[in-house]
Amino acid sequence: QAHMSTKWCRFQVGDKVSFGKIEGDSVIAIDGAPWGQHTMGAARHALSSVKLLIPTVPSTFYCVGINYREHIIASAKRRGVEPVFPERPDVGYRANNALCAHEDPIVKPKDSGETFQYEGELVAVIGKQGKKIPQDKALDYVFGWTIGNDVSERTWQRGDRTMWRAKNADSFKPMGPWIVTGLDYRNMTTVIRLNGEEVDRFATANMIHDVELYISEISKYCTLYPGDVLWMGTDGSPRNMKPGDVCEIDITGIGTLRNKVVAET
């Protein structure tokens, strides 16, 4: 059903926030949520004139760790240890305070170190409530797909007991620019660019454990709700980012998530 893809966003005009359906270079506000009952409004705006917000405010923000082989190998090599591949799905949580939108600045904290890195990730957006979802029905619960940049401060990641600031500081989780429905994630390529230079390219679906298995596994214990997100991990070996850098993550059929790194003032 790839030809039936639709783009949905969440946007702001003045002080009014709404979900919208993107048609060409304009956006039509809707009443309600894209994955629930909604009605098309009369207001149509030029896409270039609105402020895009994070496309969903998840009730729970799930993050799949270490889900690509090359990334695990590179990370182990960096630490001088043998790579260990996860035998079963492993799930982390991230914090909504860290979320920011397409074109929002990624703020690098004053006391953060040099190993300040991007991770380009496919994000599955849940469209209906589910518990104990079988793998063969899992994709029925995905409303659509967006892009995430899992910004990580590696010194903190190694030194702190939890990821609370290494992965969850304000602005460390850009997500967007919109949600696209009707795509097959198995036909996607993820491309990451730093200051216009391609620094990584991988088959998005080249995961150790696929989206279906994660949805099935998470939902054994945790109810998934519409608007929840699953970030699916990254491949490759990320480079360091510094203030002034622009990071772009491009995934087939979705588009490009772009954010500039700025120094904390």
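Predicted model: local features only at pLDDT ≥ 70, side-chain atom pairs only at ≥ 80, totals over all residues.
**Exercise 1: a covered strand**

Work out how many residues of strand β11 (residues 120-126) are buried, and which way they point.

*Solution.* Start with the count: 7 of the 7 residues in β11 are buried, so take "buried" here as under 20% relative accessible area. Next, sort them by direction. Gly120, Leu122, Ala124 and Ile126 point one way, while Glu121, Val123 and Val125 point the other way. Now look for the strands that pair with β11. Strand β12 (residues 142-149) runs antiparallel to β11 and is joined to it by 7 bridges; in that pairing, Val123 has Thr146 as its bridge partner. Strand β17 (residues 229-231) also pairs with β11 in the antiparallel sense, over 3 bridges.

**Exercise 2: a helix and its cover**

List the buried residues of helix α1 (residues 69-79), then find a helix that helps cover them.

*Solution.* Pick out the buried ones: His71, Ile72, Ala74, Ser75 and Ala76. Then check what lies over them: the cover includes α2 (154-159). Finally, step past the end of α1 and you meet Gly80, with a positive phi near 70 degrees.

**Exercise 3: a loop residue**

Find where Asn97 sits and what it touches beyond its neighbours within four places in sequence.

*Solution.* Take Ser171: it's 74 residues from Asn97 in sequence, yet their C-alpha atoms are 7.6 Å apart. Last, zoom in on Asn168, whose backbone oxygen lies 2.9 Å from a polar atom of the Asn97 side chain.

Conventions:
Residues numbered from 1 in each chain as written. Heavy atoms only, no water. Buried < 20%, exposed > 50% of the residue type's maximum accessible area, 1.4 Å probe, protein only. Helix = DSSP H or I, 4+ residues; strand = E, 2+ residues; numbered from the N terminus. Pairing = 2+ DSSP bridges. Contact = heavy atoms within 4.5 Å. Polar contact = N/O pair within 3.5 Å; in protein donor to acceptor, adjacent residues only side chain to side chain.
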